[in-house]
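Please examine the chain presented below, first as a sequence and then as a three-dimensional structure. The paragraphs that follow lead through its main features in turn.

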Amino acid sequence: MNAPFWLKQFSFRILDFFLPRLCLFCGGVVAEEAKAAVCPDCEGGIQWVESPVCTCCGLVFPTREGEDRPCGPCQTDPPPFARARAAAVYEGPVAESVKRFKFERQMAYLPVLQHWLRRPRCLELVAAADLLIPVPLHRRRLQQRGFNQALLLARAFPDAAVGLETLVRVRHTPPQVGLNPKERRDNVHRAFAVPRPDEVKGKNILLVDDLYTTGATVRECARVLRRAGAKGVEVLTVARVKHE
Ligand SMILES: [Zn+2]
Ligand SMILES: [Zn+2]
């Protein structure tokens, strides 16, 4: 059927109005007033990032006792960012959402991911930033995928300033998946640039991405941003791998 765009939009709205909202993970009915298409049971199973975590890289310590403190690797080799924080541990519905959204282009997962990104501990980092910068994709990857997941996630904060081409990816690199930490670092080395350093000079930057794995990518981004004159860099992701 070749209905005009406005009519399609209108029909979807009507459908939205009459169909009950279903949980994306179990298919159960979600309450009308819920902020995202996830039911309380499924959301209740998520492991949120809670203290004790590494004060720097945000690593969730396997032992649930003690205060936030720097982890071993951050003490011996401090990253060029001050703090990296994630909303949740990368497993269960969170891992499923990240994969379906990024690799299968299922846009229905975006509002859920954005909703998780607005948890109080994450909002703290957004409030402390002058400029949000989504981790950029190389133009070739952008063409393959059709969208930059990090940019769409940064749209969770409509009041925040977002730098679109402030940080660019100048080198096409193979995906980080399947590489060891050393290979990951080498892979992203010299992959980023700040074409107009004035846009970051003296500013507190918050890098936004979907997933923190070894931190190799955001480390390299932060290094380049600091060198371009950024005052400080922090990192916010929806998810973080459990522990290395
Ligand atoms: Zn559910
Ligand atoms: Zn750490």
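A residue is called buried if 20 or more other C-beta atoms lie within 10 Å of its own, exposed if 12 or fewer do, and partly exposed in between. The model discussed here is a predicted one. Val162 is partly exposed, because 16 other C-beta atoms lie within 10 Å of its own. This valine is found in the loop between α8 (149-154) and β3 (168-169). Apart from neighbours within four places in sequence, Val162 is in contact with Leu132 and Ala154. Between Val162 and Lys231 there are 69 residues of separation in sequence, and their C-alpha atoms are 17 Å apart in space.

The next topic is the sheet. In general, the strands of a sheet pair through backbone hydrogen bonds, and the pairing is either parallel or antiparallel. Here, four strands in the order β1-β6-β5-β2 form an open sheet with parallel pairing. At its edges are β1 (83-89) and β2 (131-134), each of which pairs on one side only. On average, and with direction ignored, neighbouring strands of the sheet are turned by 20 degrees against each other. The parallel pairing of β2 with β5 extends over four bridges, and Leu132 stands opposite Leu206 in β5. Across β1, β5 and β6 (232-240) lies helix α4 (residues 92-103), which runs at about 100 degrees to β6.

Which residues have the most contacts inside the largest nonpolar core? They are Leu207, Leu225 and Val238, in a core of 59 residues. Strand β5 (residues 204-212) supplies the largest share of this core, namely six residues. Both domain 1 (7-39) and domain 2 (46-240) contribute at least three residues each. Leu225 illustrates the contacts: not counting residues up to four places away in sequence, Leu225 touches Leu167, Val194, Val200, Ile205, Ala230 and Val233.

Some details of the backbone remain. Ser51 and Pro52 are joined by a cis peptide bond, with omega about 0 degrees; Pro52 is placed in the loop between α2 (40-44) and α3 (72-76). Arg105, although not a glycine, has a positive phi near 55 degrees. Arg105 belongs to the loop between α4 and α5 (110-117), and it is exposed because 12 other C-beta atoms lie within 10 Å. Arg190 likewise has a positive phi, near 60 degrees, in a residue other than glycine. Its place is the loop between α9 (181-188) and β4 (192-193). With 11 other C-beta atoms within 10 Å, Arg190 is therefore exposed.

Terms used. Residues are numbered from 1 along each chain as its sequence is written. Chains are lettered from A and ligands numbered from 1 in the order in which they are written. This is a predicted model: local features need pLDDT of at least 70, side-chain atom pairs count only at pLDDT 80 or more; totals for chains, interfaces and linings use all residues. A nonpolar core is a set of buried Ala, Val, Leu, Ile, Met, Phe, Trp, Tyr and Cys residues joined through C-beta atoms within 7 Å. Helices (H or I, at least four residues) and strands (E, at least two) are DSSP runs, numbered from the N terminus. Domain bounds come from an automatic or database domain assignment. Two residues are in contact if their C-beta atoms, placed from the backbone, lie within 7 Å. Two strands pair if DSSP finds at least two bridges between them. Axes are lines fitted to C-alpha atoms, for helices over the stretch in contact, and angles run from 0 to 180 degrees between N-to-C directions.
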